[in-house]
Amino acid sequence: MIDVSYLSAAPEMMLVLGAVAVLMVDVFAKPPPRVHGWITAAAYLAAGASIVLQWQRLGAGGGGLSFGGALVLDPWAAAVRAVLLVVAVLGTLCAWEMLAGLGRRMAEGVSLVLVATAGFMLMGASVDLVMVFIALEIGSIALYVLAGIVRSSPAGDEAAMKYFLLGAFASAIFIYGGALAYAGTGATNLFDIERFLNDYLVARPAVILIGMALLVVGMGFKVTAAPFHSWAPDVYQGAPAGVVGFMAAAAKVGGFAALVHILFIGFARYQGAWSDGLAVIAALSVVLGTLLAIGQSDVRRMLAYSGVAHAGFLLTGMTAGAPAADGLLFYLATYSVMLVGAFAAVTAVSGPAGAGSSFDEYRGLGRRSPVAAAVLALTMIAMSGMPLTTGFIGKFQMFASAWDGGYEWLVIVGLAASVAAFFFYLRLVVLMYFRPGEENGRDPDAPLPLPVTIRWVLLFSAAVTLVFGIYPGPLLGLLTRV
Amino acid sequence: MVDYLWIVIALPLGAALFNHFLGRRVGEPRAAVPAILSVAGAFVYAALAARDFFVSERASEEAVTVVRLFDWIPGLGATAELLWDPMAAVMTLVVTGVGALIHIYAVGYMHGDPRFGRFFTYLNLFIASMLILVLANNFALLFVGWELVGLCSYLLISFWYTRPSAAAAGKKAFVVNRIGDFGFMVALMVIFAAFGTLSYTEVLHEPGEVIGAGAATAVCLLLLVGAAGKSAQLPLYVWLPDAMEGPTPVSALIHAATMVTAGVYMVARTGALFGLSDVAGGAAATVGALTALLAATIAVAQRDIKRVLAYSTISQLGYMFMAVGVAGYTAGLFHLVTHAVFKALLFLGAGSVIHAMAGEQNMDRMGGLRRKMPITHLTMLVATLSIAGIPPLAGFWSKDEILAVLFAKGGYYTVLWGAGLLTALLTAFYMARQYFLVFGGEARWGEGAEPHESPRIMTVPLLVLGVLTVLIGFVNTPFRLSFEHFLAPAFEGVGLLHAPEDGFLLTALALVSTAAGVVGIAIAYLVYHHASEDTRERLLGRVRRPLMTWEHGYWVDEVYGRLIVKPGLALANWSAGFVDQRVIDGLVNGIGGAVRRAGGRLRPLQSGFVRSYGALLALGAVALVAWIAARGL
Amino acid sequence: MIAAAIVTADWYMTLAAVLFLIGMAGLLLRNNALVMFMSVELMLNAVNLTFVAAARAHGDIGGQMAVLFVLVVAAAEVAVGLAIIVSIFRIRRTASVDDLSELSG
Amino acid sequence: MELSDYLPIAVMFILASAFAGVSLVVSYLISYKRPTPEKLEPYECGIVTEAEPIQRFPVKFYLVAILFVIFDVEIVFLFAWASVFGELGWGGVAAVTVFTLMIVETLGYVWKRGALDWNVSRRARYRAAPPAEAAQEMAA
């Protein structure tokens, strides 16, 4: 009955422990911000160590189900955790200035980041629909609060409100899908669902199919796939700059991690039905995301729509089913690092807690802050899928999977959108390097202060994007174990 | 030697990095030193590595070496591998050799520019990218180089970005190239789907066993779209004339000698695939012929010294496409090499003239420069005669071989041969016209202009290229086909079309094409040098209509604009006076605008109201449920 | 016995579907954040009803356990949601979500 | 009746949603929109509203209510545990202990932050250190 392997949830436990410690230390000792930093770092280290242990266990042939079948320890779960840990560390560094500016509520902010990370990590490990739901809510609720954590910002409040209402709506749809799947199959565990669908010939599987579709909708919301994306631009624009990169990347990784388990394990039997559905969503996301990004005049909204398009590319690969898994992970890992890097530059420009990032603020950035501009330019180029960056390799793998899976039309749509996408990615680069700085009273060439935490994030994401773009072998090798 | 071939790429790349970080600190003349040395070093290294190819009695398999660097994208069969065969060697030598000379020249040309170091950074980056392109052993790496040279081209065209026209030209180049790249990317997907790998070694080795003629035609036509974008062929040539906004060394290196020939190189490289499809080859040759003729007529009426050369480049690239289209790969590559030399010379000479005239590019305000600039004059004369096809200069041998190959193919291709011949006549005419307008006759320059010969750092490269223009043609004369033998291992197993060996026929063809060149020069001499001002006006007045059409490049920019922009607006532009610059937002910005408008139309979706977002979400959910339920039931 | 009078699990599930749709309609049609939020709660309760009914039909305890988890998650959502609504109300003096449309495009 | 035999539900689900969606769209498309402040009042009845219809409660009621809901609902898990107490054994006890400790920790946190004080003075004292944030602190 009791098949609990604490190792299979150890990283999350470490993070939650860290969150608890931050809160407790804060109320009882009222320490300076740096103490929270140490605790957070310790929590990340412990989580990282547990992930390493998990890899070792997996390498020794261990792993498997745990906690009554709610969690699984497989290479996918471990790799997703590693990606999320990197995202969380970068995100925390990026947000640190904003968090430290929260004063007495800083501890809450820090612990929310830790808890959100734990939640999304759990999404990647869950193989039970109820567990996925709980993990999803742990992550999401923390993000709702983070979006509005700067009290003095009306835009932040609006962002939090929209995120919350729509997120709650999407979660309700998701768990209703879970309920219908349960009604149809008698199980919430994905392996049990798989077994049921394999063992019995379901004569009229309407309930199960509807449930599956609603599950896809719920996850589609989290990963900002069109037409479930509409929250993303507003939330990215309104939330405090420091956390946006983390919010965007973590939710996307978590959402895809869970979607992969749900569809590739639980509903593998119905691949014919869901891969067509995914293809349609993917095409819609790619086209809508690209078209809408072109007209934007705010960097964060542009990045949000580009995120919609990227969700589309990821879904494009997913249509091929299980063989696409390692490519997906590579794409997720590299894209989220790019995303956090881009938002680190955005944070440097709009200030740690700022809302909105008009294109005009980026004029002449190349002179004001060469590092931020260079990294932002690199991430833009990488997101556009230029060769010698990770963006190209990720995208190519997605297209190759979809082509192999028989979705040639989807690949053509994706390629056409990639071509069009150069417009807006390059527009920002041109703005930063080939346009004079704005002239609203201050010196257009005044150097932009770059906090050391943000500089680290920028350099790290640039290094990852370039090194693994030129020489992706090791990363691919690591991830193909999935 | 060959094992460390990556050094060839690493050298310019290292110099680019050096100048990127230290260029501003080391100051103006010194920043160029590592740049020049790295490219020259790459040339020397490549020449030494190519040494083996000159030993002719080797078995052909041995001549082709694949240098494996590291596993790049294992799933795609894309290993970072360099291919070292005679064709790659030729391309490498052209890129680094001509590149090194142009680097030296640029030291003088870019003198005093505040972004001197940055210029050499881009230039070196370009050389490295171009070498990746030509040395790649798989399509993925080829694509990497392909995109990178495009990026460098974009950066260098808009190098003087404070000029709005330069920025617009850069954008135009980039966007048109994206259209070509789209075709190329789809081609890559199809190749990958059909062969399961992107490696040349596997794809190009007897591809007929894997794919049928239909699939091969599709792949080749898609590749051709990509090649047409990069090599400025119909209908994607519109970016190249505008690209002349870049500094002249850039025009010489990228938009004449090297990058624009990448399309030709790619078609030659994939000759095994093109060999499977007569349709694709015919399409390439036809596109080439049409482009050659069309661009030559446009060049006849240009007034800007660089635009003449730009259209001339497009026209000459058309020749190369004709050659590779009929599988005359040797002829095409031979012309590629000679053209790289004499066209670089022409551009550098033009740059020297522009430099002397303090930025003036209109040939109507030049004239009589022969005595002021003796070295420039002499070298330009050699290059002009060469491109006009006068023996025994380089252009004669290579152009003649292309025409001979076309004639040998016979049938439909005889028509293309005729077009090529007509183009040769026009080429001779407009080049001679340029020569007489710039160097001959009376000085027409305005007050205060003081033309002078350029400094030695610019004239020495001119002289070197001039000597090469005289000599390089002799590597492949009908009497001694050294170049063809040299390249032979690269085309092992590819149905290569040779020039006819019938001595009489060859002589006849050579005489005809020489005659065309002579006639063209003679007409130009009569009209632009011999005739008095009045006679000339009267003569030109009679052909005013076609001349105006040509001067405005058949209004292609305008036509493209009209296809996309609102017809009324375009009509207004049409009648408003055919001003080229005004309607520069042709196809390119038209498409951009259309896409942007589509995006704008979608924006109300994002009204900011939570409930409308919720409604969108709900509708999406309902639609997905309905769709999946319908599929599954 | 009339067959139709036997209340099967289907009846409950149909009721749940109706509740879910009512909640969805409420969310889309009302513009007061609190009411919208209550609609979400209604949707979650429809989920609970489905779980319980299906658990009953399958004779499986798992569905009932799921209900507990959904309940708890709903409570957590309530806490956060109300806090956000209160916070907005303090600044803007309104609970109408249509007034929150400054971020758009 | 087969459990999987839910096609009627599916049809109704789609029809009802489509109906709702279509009526939304149609009403949006064909309706006149001339909003006036009166029309946007929650209760439009001809008389100009002078005050908010409902007297608002102080935030502290809300805080207590929320805390109650959270702690109340969390305890639900103890019932589930209690019903299989015997089967779970010491492992179960350990898990529930951890769970309870987390709840106690939360309680400690809110208590220490002053959320449970009906009387405001202690919260004010807590905030005395950084006074500038007092204004932002209200709903914490």
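Let's start with one helix, α1 of chain C, which covers residues 9–29. This helix has 21 residues and reaches 30 Å from its first C-alpha to its last, close to the 30 Å expected at 1.5 Å a residue. Before I go on, please keep in mind that this is a predicted model.

Which residues of α1(C) are buried? Among them are C:M13, C:A16, C:A17, C:F20, C:L21 and C:M24. Look at the spacing along the helix as you follow those names. An α-helix has 3.6 residues a turn, so residues three or four places apart point the same way. Further along α1(C), the buried residues include C:A25, C:L27 and C:L28.

Now zoom out to the whole of chain C. This chain has three helices and zero strands, and from the N terminus on its elements run α-α-α. Of its 105 residues, 44% count as buried. Taking contacts in chain C between residues at least 6 apart in sequence, 48% join residues at least 24 apart.

Chain B comes next. How many helices and strands are there in chain B? There are 28 helices and two strands. Chain B has 633 residues, and 61% of them count as buried. For contacts in chain B between residues at least 6 apart in sequence, 81% join residues at least 24 apart.

The buried residues of α12(B) include B:Y265, B:M266 and even an arginine, B:R269.

Let's stay in chain B and look at a pair of helices. Two packed helices are described by the angle between their axes and the distance between the axes. Helix α14 (residues 278–300) and helix α19 (residues 413–438) of chain B pack at an angle of about 25 degrees, with their axes 9 Å apart. Angles under 35 degrees count as roughly parallel, and that makes α14(B) roughly parallel to α19(B). The crossing of these two, α14(B) and α19(B), is left-handed. On the α14(B) side, the residues that meet α19(B) include B:A285, B:A289, B:A292, B:L293 and B:A296. From α19(B), the partners include B:Y413, B:L416, B:L426 and B:F429. By class, this contact of α14(B) with α19(B) has 14 nonpolar, five polar and no charged residues.

Helix α12 (residues 299–318) and helix α16 (residues 390–404) of chain A pack at an angle of about 40 degrees, with their axes 7 Å apart. The helices α12(A) and α16(A) are therefore oblique to each other, and their crossing is left-handed. The contact is made by A:F313, A:L314, A:T316 and A:G317 of α12(A), together with residues of α16(A) that include A:M398, A:F399 and A:A402. Sorted by class, the residues of the contact of α12(A) with α16(A) are five nonpolar, four polar and one charged.

So how do chains A and B meet? The contact takes 47 residues from chain B and 56 residues from chain A. On the chain B side, the elements that give two or more residues are β1 (65–73), α6 (139–157), α7 (164–195), α27 (587–602) and α28 (610–632). Which element of chain B gives the largest share? That is α28(B), with 14 residues. The residues on the side of chain B that touches chain A divide into 30 nonpolar, ten polar and seven charged.

In chain A, a cis peptide bond joins A:A226 and A:P227, with omega about 0 degrees. A:P227 is found in the loop between α8 (206–222) and α9 (231–238). In chain B, the peptide bond from B:P391 to B:P392 is also cis, with omega near 5 degrees, and B:P392 is found in the loop between α17 (374–388) and α18 (394–409).

There are also residues other than glycine with a positive phi. A:K30 has a phi near 45 degrees and is found in the loop between α1 (10–29) and α2 (33–59) of chain A. B:A327 has a phi near 70 degrees and its place is the loop between α15 (305–325) and α16 (329–356) of chain B. Is each of these residues buried or exposed? A:K30 counts as exposed because it has 12 C-beta neighbours inside 10 Å, while B:A327, with 26 C-beta neighbours inside 10 Å, counts as buried.

Methods
Residues numbered from 1 in each chain as written. Chains lettered and ligands numbered in written order. Predicted model: local features only at pLDDT ≥ 70, side-chain atom pairs only at ≥ 80, totals over all residues. Contact = placed C-beta atoms within 7 Å. Helix = DSSP H or I, 4+ residues; strand = E, 2+ residues; numbered from the N terminus. Nonpolar A, V, L, I, M, F, W, Y, C, P; charged D, E, K, R; others polar. Buried ≥ 20, exposed ≤ 12 C-beta atoms within 10 Å, placed from the backbone. Axes fitted to C-alpha atoms, helices over the stretch in contact; angles between N-to-C directions. Parallel < 35°, antiparallel > 145°, perpendicular 65-115°, else oblique. Left-handed = near helix turned anticlockwise from the far one by under 90°. Expected span 1.5 Å × (residues − 1).
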